[in-house]
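Welcome! Have the model open beside you as you read, and take the topics one at a time.

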Amino acid sequence: MTGRRWPAATGGPMARVGGGVVPRLSLLTRMCWGGTLLLAPRPVLRRLGRPSPLAVATLRVLGARHLVQAALLARRPAPAAFGVGAGVDGLHALTTVALAAVDRPQRRIALNDGAVAVVLMMLDLWTAGGPVAKEGR
């Protein structure tokens, strides 16, 4: 197989966090979800809720946040960085639950986005070597 290799295969930055499937999955999932929210929030909202102007703007901001976080984690993929990212995702998941509790029209999109945040948090905790990684190994 030819082509560009993932940095861990060449001893690059991902080697610091094991360079395995989980860090890659975390980054790729975050990039795909973030790109989707930034570039095409309306189709997501049409499937899960109501595409109000505020909801579209909010999803674009969240998409940009995911892309910035992915870029930072790809640039400095130390376990501590993934731990901080997991904290950000955990806080985001809590805010989506709060939104779902007070805004019925946005409940479905909030809970779905919160579920994605929890998945990303778990992947980042695994990569950071946190409780999820210790229990699963």
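To compare two helices, we use axes, which are lines fitted to C-alpha atoms over the stretch in contact, with angles running from 0 to 180 degrees between N-to-C directions. With that idea, look at helix 1 and helix 3: their axes come within 7 Å and cross at roughly 150°. Angles over 145 degrees count as roughly antiparallel, so helix 1 is roughly antiparallel to helix 3. Please keep in mind that this is a predicted model.

**The overall plan**

- Of the 137 residues of the protein, 35% count as buried.
- Take the contacts between residues at least 6 apart in sequence: 59% of them join residues at least 24 apart.

**How the helices pack**

- Two packed helices are described by the angle between their axes and the distance between the axes.
- Helix 1 passes helix 3 in a left-handed crossing.
- On the helix 1 side of this pair, the residues that meet helix 3 include Leu 27, Met 31, Trp 33, Gly 34, Gly 35 and Leu 37. Among their partners in helix 3 are Leu 59, Leu 62, Gly 63, Ala 64, Leu 67 and Ala 70.
- Helix 3 also packs with helix 4, at an angle of about 165° and with the axes 10 Å apart. That makes helix 3 roughly antiparallel to helix 4.
- The residues making this contact are Leu 62, Arg 65, His 66, Gln 69 and Leu 73 of helix 3, together with Ala 81, Phe 82, Gly 85, Val 88, Asp 89 and His 92 of helix 4. The crossing of helix 3 and helix 4 is left-handed.
- Helix 5 covers residues 107-128, and its axis comes within 9 Å of the axis of helix 1, crossing at roughly 155°. Helix 1 and helix 5 are therefore roughly antiparallel to each other.
- The crossing of helix 1 and helix 5 is left-handed. Residues of helix 1 that meet helix 5 include Val 22, Pro 23, Leu 25, Trp 33 and Leu 37, and among those they meet in helix 5 are Asp 113, Val 116, Leu 120, Leu 123 and Trp 126.

**The nonpolar core**

- Which residues form the largest nonpolar core? There are 10 of them: Trp 33, Leu 37, Val 44, Leu 45, Leu 48, Ala 55, Val 56, Leu 59, Leu 62 and Ile 109.
- Helix 1 (21-39), helix 2 (41-48) and helix 3 (53-75) each supply at least two residues of this core. The largest share, 4 residues, comes from helix 3.
- Val 44 is a core member that you will find in helix 2. Val 44 counts as buried because its relative accessibility is 12%, and buried means under 20%.
- Leaving aside neighbours within four places in sequence, Val 44 is in contact with Trp 33, Thr 36, Leu 37, Leu 59 and Ile 109.
- Val 44 and Val 56 are 12 residues apart along the chain, and their C-alpha atoms are separated by 9.4 Å.

**A buried histidine**

- His 92 sits in helix 4, which spans residues 79-102. Is His 92 buried or exposed? At 9% relative accessibility, His 92 counts as buried.
- The side chains of His 92 and Asp 113 are joined by a polar contact of 2.5 Å.
- Not counting residues up to four places away in sequence, His 92 touches Leu 62, Arg 65, Asp 113 and Ala 117.
- Now look from the side of Leu 62: beyond its neighbours within four places in sequence, Leu 62 is in contact with Leu 37, His 92 and Asp 113.

**A partly exposed leucine**

- Leu 99 also belongs to helix 4. At 37% relative accessibility, Leu 99 counts as partly exposed.
- With neighbours within four places in sequence left aside, Leu 99 is in contact with Gln 106 and Ala 110.
- How far apart in space are Leu 99 and Ala 110, C-alpha to C-alpha? The distance is 6.6 Å, and the two are 11 residues apart in sequence.

Conventions
Residues numbered from 1 in each chain as written. Predicted model: local features only at pLDDT ≥ 70, side-chain atom pairs only at ≥ 80, totals over all residues. Heavy atoms only, no water. Core = buried A, V, L, I, M, F, W, Y, C linked by side-chain atoms within 4.5 Å. Buried < 20%, exposed > 50% of the residue type's maximum accessible area, 1.4 Å probe, protein only. Contact = heavy atoms within 4.5 Å. Polar contact = N/O pair within 3.5 Å; in protein donor to acceptor, adjacent residues only side chain to side chain. Parallel < 35°, antiparallel > 145°, perpendicular 65-115°, else oblique. Left-handed = near helix turned anticlockwise from the far one by under 90°.
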